[in-house]
Amino acid sequence: MKVVLFCGGYGMRMREGALDDVPKPMAMVGPRPLIWHVMRYYAHFGHKEFILCLGYGAHHIKDFFLNYEETTSNDFVLRGGRTELLSADIADWTITFAQTGIESPIGERLRRVRHHLDGDEMFLANYADVLTDAPLPQMIDSFARRDAGASMMVVPPQSSFHCVDLGEDGLVGGITPVSDLPLWENGGYFVLRQEVFDHIPENGDLVADGCTELAKRGRLVAHQHRGFWKPTDTVKERAALDAAYARGERPWAVWERDGAGGPAGVRTA
């Protein structure tokens, strides 16, 4: 299935200085940017056709892939001055780079790449800034069996705050961690059918318009995930993921856990 990645936002909370113009999906986690980790996740499950919805800082993303160094994350042999790769990351990926506007909402970005989907009835979509170990095949199979227009992965609330139950007299009746409430957040991993386009107006939003309208019609389903899920909305969150990577704690790297990505023949770089 094709994978649409939204990677054109400003990512203001990720900025580390006035001169920092790198879009959020290009923030580094280990030796690779966020967008690579997300794409590697999908590729591990066989989904290697990507459509990148570009906007702000598009040249950073283009340059990264145009000058991709396989040796950064793959073993290799240097023989006679030539590099022989023992494995490769993106050799069998197809990546479409589509400029979808600087100010475009997510829904409008999706509308502008619809023709790149080649009429496929089902496709995947992601914000390109959240890492997870969610079982993608189960998510897809479950949705494929349902008569629905979209599936949204949902996760428990991530806030560490507490909700306070107040009585009319101002007395506190109870204190509950937000994470213990029967609530779910949008996890950013979508399985979509073409039907979603019927409910996204020009300059509309995928969730506020498309998914909300589908929900009203009983056409939106949720995949509940209680496993690993980490957003990277801030510098602090990105730094935490980077530190975890350095410690070898990277549950999102399902390609390592499942034994994929090992030697698959020698390639000459």
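Reader: Which residue of strand 4 is the bridge partner of Lys2?

Author: In this predicted model, Lys2 has Glu49 as its bridge partner in strand 4.

Reader: What makes strand 1 and strand 4 a pair?

Author: A pair needs at least two bridges. Strand 1 (residues 2-7) and strand 4 (residues 49-54) are joined by 6 bridges and run parallel, so they count as paired.

Reader: Where do these strands sit in the sheet, and what is its order?

Author: The order is 7-4-1-8-13-10-14, in an open sheet of 7 strands with mixed pairing.

Reader: Why are strand 7 and strand 14 said to stand at the edges?

Author: Strand 7 (94-99) and strand 14 (220-224) each have a single partner strand, so one side of each has no neighbour in the sheet. From one strand to the next, the twist averages 25 degrees.

Reader: How do you know that helix 1 packs on the sheet?

Author: Contact is a matter of heavy atoms within 4.5 Å, and helix 1 (residues 34-44) touches strand 1, strand 4, strand 7, strand 8 (122-126) and strand 13 (185-193). The direction of helix 1 makes about 165 degrees with that of strand 1. Helix 4 (residues 136-144) also packs on the sheet, touching strand 8, strand 10 (150-155), strand 13 and strand 14. Its direction makes about 55 degrees with that of strand 13.

Reader: Happy with that! Which residues touch the most other members of the largest nonpolar core?

Author: Leu5, Tyr42, Phe50, Leu52, Phe65 and Trp252 do, out of 48 residues in that core. Helix 1 gives the largest share of this core, 8 residues. Leaving aside residues up to four places away in sequence, Phe65 touches Met39, Leu52, Ile90, Trp93, Ile95 and Phe97. There is also a second, separate core of 21 residues, with Phe123, Met152, Phe190 and Val196 among them.

Reader: Why is Arg257 called exposed?

Author: The cut-off is over 50% relative accessible area. Arg257 has 53% relative accessibility, so it counts as exposed. Arg257 lies in helix 7 (residues 254-257), and it touches Asp133 and Pro251, not counting residues up to four places away in sequence.

Conventions:
Residues numbered from 1 in each chain as written. Predicted model: local features only at pLDDT ≥ 70, side-chain atom pairs only at ≥ 80, totals over all residues. Heavy atoms only, no water. Helix = DSSP H or I, 4+ residues; strand = E, 2+ residues; numbered from the N terminus. Buried < 20%, exposed > 50% of the residue type's maximum accessible area, 1.4 Å probe, protein only. Axes fitted to C-alpha atoms, helices over the stretch in contact; angles between N-to-C directions. Core = buried A, V, L, I, M, F, W, Y, C linked by side-chain atoms within 4.5 Å.
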